[in-house]
Amino acid sequence: MSDARLREEICRYGRSLFERGLTPGSSGNISLRLEDGGWLVTPTNASLGFLDPARISRLDAEGRLLSGDKPTKEIPLHTALYDTRSSARAIVHLHSTHAVALTMLPEIDPRAALPPMTPYYLMRAGETALVPYYRPGDPAVADAIRGLAGKYSSVLLANHGPVVAGDSLEAAVFATEELEETAKLYLLLRNLNPRFLSPEQVADLVKAFDLDLPSHHDHDHD
Ligand SMILES: [Zn+2]
């Protein structure tokens, strides 16, 4: 895909996420890893609803700005996940309501933030890790993401929001949406004693769709 097409894609998905209320104000950011090792990244203080393709930050493989506006200050979240997950081509970070709410509940397992509720959650988002709260700009959040060693494509930052990687921008966006909807389902059903997928049903999905779930690991990551 050409540079121009990729910039258009970032703007199109950004607008779609913003218009559906999935990230308010100038929150949220999107990045794409390019063939030369560089990145396209949404700029700092830019609303995902009103991105200008020409002003998207173009970085080289060392993270230096080549053209466009200054990149988002949250870029360490993205680089930490790219560094540890070689299959990641795109990353979406949002401040989406239900996923943020989920991070504040006391019972959340940091290695499986959501139970296996639907097949599409497992197929698109996999399992989700939760890392502790860090003040915005604290470099320790990147260390926490690196500490997950690339096992998770979706990570929740406590009291902040999801960071989700995909092998394409579309995959990262769809996985983020699936995570948000599953968090919403969890909040709707909390304390109602719902039936989640059984271990046998999860194992069947892992086998049928060759899912790479951290809790069902029988091989090492690349
Ligand atoms: Zn954020």
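1. Let's start with what helix H2 packs against. Its buried residues (buried means under 20% relative accessible area, exposed over 50%, partly exposed in between, with a 1.4 Å probe and protein chains only) pack against strands E1 (29-33), E2 (39-41), E5, E7 (154-157) and E8 (161-166), plus helix H5 (140-146). H2 itself runs over residues 75-84, and its buried residues are Leu77, His78, Ala80, Leu81 and Tyr82. Helices (H or I, at least four residues) and strands (E, at least two) are DSSP runs, numbered from the N terminus.

2. Before you read on, keep in mind that this is a predicted model: local features need pLDDT of at least 70, side-chain atom pairs count only at pLDDT 80 or more, and totals for chains, interfaces and linings use all residues. Residues are numbered from 1 along each chain as its sequence is written, and side-chain values use heavy atoms, with hydrogens and water left out.

3. His95 is partly exposed, at 27% relative accessibility.

4. Is Ser96 buried or exposed? Buried, with a relative accessible area of 1%. Ser96 belongs to the loop between strand E5 (90-93) and helix H3 (97-103). Setting aside neighbours within four places in sequence, Ser96 is in contact (heavy atoms within 4.5 Å) with Leu22, Pro162 and Glu180. With Glu180 there is also a side-chain to side-chain polar contact of 2.8 Å. A polar contact is a pair of N or O atoms within 3.5 Å; within protein, one must be able to donate a hydrogen and the other to accept it, and residues adjacent in sequence count only if both atoms are side-chain atoms.

5. Finally, have a look at Arg55, in the loop between E2 and strand E3 (57-59). Arg55 is partly exposed, with a relative accessible area of 47%. Which residues does Arg55 contact, leaving aside its neighbours within four places in sequence? They are Pro43, Gly68 and Asp69, and the side chains of Arg55 and Asp69 are joined by a polar contact of 2.8 Å.
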